[in-house]
Amino acid sequence: MDYSTLGFVQFMTPTLVFLLGVFVFREEVRTTQIVCFAFIWSAIVLFSLDLLRRRKRTRAGVRPKAA
């Protein structure tokens with residue numbers, strides 16, 4: 001398993017715990033928790049889009065720029 005996949009899986013665990021707490025155990029959710037949840041998933045979306053863009057370039061034979 002490559003590191004990017006492992007990183008995505010590590011984001012899934014807290015999300016599943018959060019969703020279990022809200023929907024199964026009916027825990028109260030504060031506004032700050034929802035905002036943090038939104039920031040975390042926004043970062044995951046950006047990470048995933050960048051990963052897909054890099055893979056597309058690699059398959060096309062274009063070398064990614066060095067950081």
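1. Let's start with the pairing of Arg-55 and Asp-2: in this predicted model, their side chains meet in a salt bridge, with 3.4 Å from N to O. The pair ties together distant parts of the chain, since Arg-55 sits in helix 2 (residues 31-60) and Asp-2 in the segment before helix 1, 53 residues apart. Arg-55 is partly exposed, with a relative accessible area of 36%, and Asp-2 also counts as partly exposed, at 36% relative accessibility.

2. Together, Asp-50, Arg-53 and Arg-54 are linked in a network of salt bridges.

3. The spacing along helix 2 is worth a glance here. Asp-50 and Arg-53 both lie in helix 2, three residues apart, about one turn of the helix. Arg-54 and Asp-50 are four residues apart in helix 2, so about one helical turn separates them.

4. Arg-53 is partly exposed at 39%, and Arg-54 is partly exposed at 44%.

5. Finally, please look at the nonpolar patch on the surface, formed by Leu-16, Leu-19, Leu-20, Phe-23, Val-24 and Phe-25. Together these residues have about 610 Å² of accessible area. One of them, Leu-16, has its place in helix 1 (residues 3-24).

Definitions and conventions: Residues are numbered from 1 along each chain as its sequence is written. This is a predicted model: local features need pLDDT of at least 70, side-chain atom pairs count only at pLDDT 80 or more; totals for chains, interfaces and linings use all residues. Side-chain values use heavy atoms; hydrogens and water are left out. Patches are made of residues with over 30% relative accessible area and no salt bridge: like charges are joined within 9 Å, nonpolar side chains (Val, Leu, Ile, Met, Phe, Trp, Tyr) within 5 Å. Accessible areas come from the Shrake-Rupley method with a 1.4 Å probe; for residues, only the protein chains shown count as cover. A salt bridge is a side-chain nitrogen of Lys or Arg within 4 Å of a carboxyl oxygen of Asp or Glu. Helices (H or I, at least four residues) and strands (E, at least two) are DSSP runs, numbered from the N terminus. Buried means under 20% relative accessible area, exposed over 50%, partly exposed in between (1.4 Å probe, protein chains only).
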